[in-house]
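Welcome! Take a look at the structure below, and then let's go through how two parts of one chain meet.

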Amino acid sequence: MSLAITVLFYLATVILIAGLAYRIWVYAKVPAPLKIATTPAPVTKGGVVLRMFREVAFFESLFKSNKLLWLLGVLFHFGLLLVLLRHLRYFINPVPTVIELIQPFGKYAAFAMIIGLLGLWARRFIIDRVRYITAPSDHLILALLVLIGISGASMTFVSHTDIVGLKNFTMGLLTFDPKPLPSDPLLAIHLFLVSVLMIIFPYSKLLHGVGVFFSPTRNQVDNPREKRHLADWARKFEENS
Amino acid sequence: MAKANFEVPELKEHLEVPKIEPGAMAHLETFKAKPEFNEALGFPGELSENWQEQAIDAMGDMLKKYRSLQVYMDSCVKCGACTDKCHYYLGTKDPKNMPVARQDLMRKVYRRYFTFGGKFFPKLVGATDFTQEVLDDWYNYYHQCSQCRRCSVFCPYGIDTAEISMAAREIMDRIGLGDKYSNEIIGKVFRIGNNLGLPGPALEDTLEGLEEDVFDETGVEVKYPLDVKGADILLVTPSADFFAEPHVDGLIGYGKVFHEAGVSWTMSSHASEAANFGMFIGSYENMRKISQRVRKAALDLGVKRIIFGECGHAWRVAYAFLNTLAGPWDFLDPDYPVPQHILEFTLGEIEKGTLNIDKSQNDDMVLTFHDSCNVARATRMGDKPGGQFEIPRAVIKAVCNNYVDMPEDTIREATFCCGGGGGLLTDDLMELRVKGAMPRMKALKSVTEEYGVTHMAAICAICKSQFTKVIPYYGFDMDQIVSVHQLVSNALILKGQNSEDEDDESEEDAA
Ligand code: SF4
Ligand code: SF4
């Protein structure tokens, strides 16, 4: 079991990193031939950085769109963020003070995350428009995330796992000196699901986490009159006119 | 009220998000272009045996050329935030008119042929083969999108369905499945110089007629010059401005403003069209070819500045794309942005005080303003973000005493499309146009009832044509739509203009 999880975890890490690197390369390589910022848009680069920050940190557009959906999205994503930060303690030795301070919040953030997810999932059944656009994969990804959340939270709130053994295991992973995984079915399930999530990440809608930074309607500076914008593939037209 | 052979939506007190009615608009298919129309634009005349292969190739090509398409195909999380934002969904209840579902028509094909999941687990990720059925859906529903970008404002990733419907139309064109309305019009621009197919002599006649009208009314010789070499300003305006109502009243207004400002200006018979339908069909090459007409006209006439008349998508192409498609503009006067919007010019003159304005001339109206979608969400005016909202309002308020805005969630960046943009302004789509206008009509009705609004001003040739046509279905009168420069024209007292107390009789004699 321990070996299987170790191998899977390495595999998942490689797929996640290579897959994301490949997607980022694809997005970076494809040019945006025209200026299509959704206006009003910032007229400077600094303004664009701010716009992007508001989008990623506060989900600005979603807030304009739908307050309940925004709330559920925030609960899930920021819950997840805190939980992930809390997890850093398994990967850093000694544990930095900030991460120590986050621990109590990170613990309960798991509930925010799960509640957010369940709310998002409920929408897929309740709202006819959302039901219409939902594919089986949307349900599966939600199921996966919910199970990850529940299995993880159970180890904190229901049956404690062997933290020292776990840290030994994760540090072993990091130093390429594999150590045994404490035998705890919950932990094995949790790590298995997380690996699956990492593997599908670059091949699914989870890519939105990367895509948002490349979205031309959000990341372009609104200065088409001041600065000529030309894609490489469009240069050929310049020559024959 | 105009009669319809379909159900005209009721204007309820609150804008309700309807329950979905699958297939509600499946019957509506805009006329397809004849082979010669497609060929004139450099596309195959009609569908061939292996259209599917060609279409997938074309999609692969587009994915390499348009970052928007590639990123938007991958990034949608199906959150549904956009589902209630499209005026066509709100008006027709057809779920395929929800932005995300419209995108999915392409996304399911993209996934099938270009992604791991779709190749191996199509059912799981909602991928399908590119069948005739799917193509039919593409044709219908990508021609039920006015490319207004309202959805893009509300999507957490900025996914712009307009980009996707443009790409879809380009792909369909590339396999010989063009739509008649847009492709026939682009052909006319190439052959004759404008969307309406008005040849040079007809333009000259029209402009002479305008000069006479203005003279009769004011006693001032305001010129509407065509092809004048050495003029300072080239005005490029939608061809509807030459004769359609209320567009032409706007053109009269531009001429009066130029006259009072004392600048030399001209229009061009070569570039007698501001509209650029190349954008609607997503064709960079056609859009570029049309834009190059403006460059040629500017060079041939030796002008120093370019100003665009009132038109929404034309302003998008002009503001956001013209530098790319027809620049660089280094031969023009660097003191002015290229191009300028006529409203930027007029507001400048108002602020300088060159215009003698009598606001009371518009006292018979209580006005509101319709933000055209392309101006609102794809361009700017002036040098500050949001100038595209403030400048038109500033001009209207400078020439009218009575102005109120429609509800906040229906204007500015959240503005509702008129229902006829994006190459849909054709009679065979009347049902869609009427239904898609519902959210705007509802907003207009609310200010009519609350504040006694009598007129709605617009700055887009398509909005004006669409509204005058569909507004009667909702119990309004077509005269309630006005051009912004028509208001300017009404209030502008020309130097040497006949004083007001001269009676109407003498005017009629002169006419
Ligand atoms: S708002 Fe954006 S991400 Fe959400 S369903 Fe619509 S297109 Fe997809
Ligand atoms: S661009 Fe406008 S018409 Fe097209 S889907 Fe979005 S909201 Fe609807």
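A word on terms before we start: domain bounds come from an automatic or database domain assignment. The model you see is predicted. In it, chain B is split into domain 1, covering 35-185, and domain 2, covering 193-404 + 453-491.

**How the two domains sit**
- The C-alpha centres of domain 1 and domain 2 of chain B are 32 Å apart.
- To their contact, domain 1 of chain B brings 18 residues and domain 2 of chain B brings 14 residues.

**The area they bury**
- Between domain 1 and domain 2 of chain B, about 1400 Å² is buried, and carbon and sulfur atoms give 51% of that area.
- On the side of domain 1 of chain B, the residues that lose the most area to domain 2 are Arg149(B), Met166(B) and Ile185(B), which together make up 33% of what that side buries.

**Links across the interface**
- If you look for salt bridges between domain 1 and domain 2 of chain B, the count is 0.
- Polar contacts are found there: 6 residue pairs, both residues at pLDDT 80 or more, across the interface of domain 1 and domain 2 of chain B.

- Three helices of chain B, α9 (150-154), α10 (161-174) and α11 (180-191), each supply at least two residues of the side of domain 1 that touches domain 2.
- The largest share of that side of domain 1 of chain B is from α10(B), with 5 residues.
- Sorted by class, the side of domain 1 of chain B that touches domain 2 has 8 nonpolar, 7 charged and 3 polar residues.

Key. Residues are numbered from 1 along each chain as its sequence is written. Chains are lettered from A and ligands numbered from 1 in the order in which they are written. This is a predicted model: local features need pLDDT of at least 70, side-chain atom pairs count only at pLDDT 80 or more; totals for chains, interfaces and linings use all residues. Side-chain values use heavy atoms; hydrogens and water are left out. Contact means heavy atoms within 4.5 Å. Buried area is the accessible area (1.4 Å probe) that two parts lose on being put together, summed over both. A salt bridge is a side-chain nitrogen of Lys or Arg within 4 Å of a carboxyl oxygen of Asp or Glu. A polar contact is a pair of N or O atoms within 3.5 Å; within protein, one must be able to donate a hydrogen and the other to accept it, and residues adjacent in sequence count only if both atoms are side-chain atoms. Helices (H or I, at least four residues) and strands (E, at least two) are DSSP runs, numbered from the N terminus. Ala, Val, Leu, Ile, Met, Phe, Trp, Tyr, Cys and Pro count as nonpolar, Asp, Glu, Lys and Arg as charged, and the others, Gly among them, as polar.
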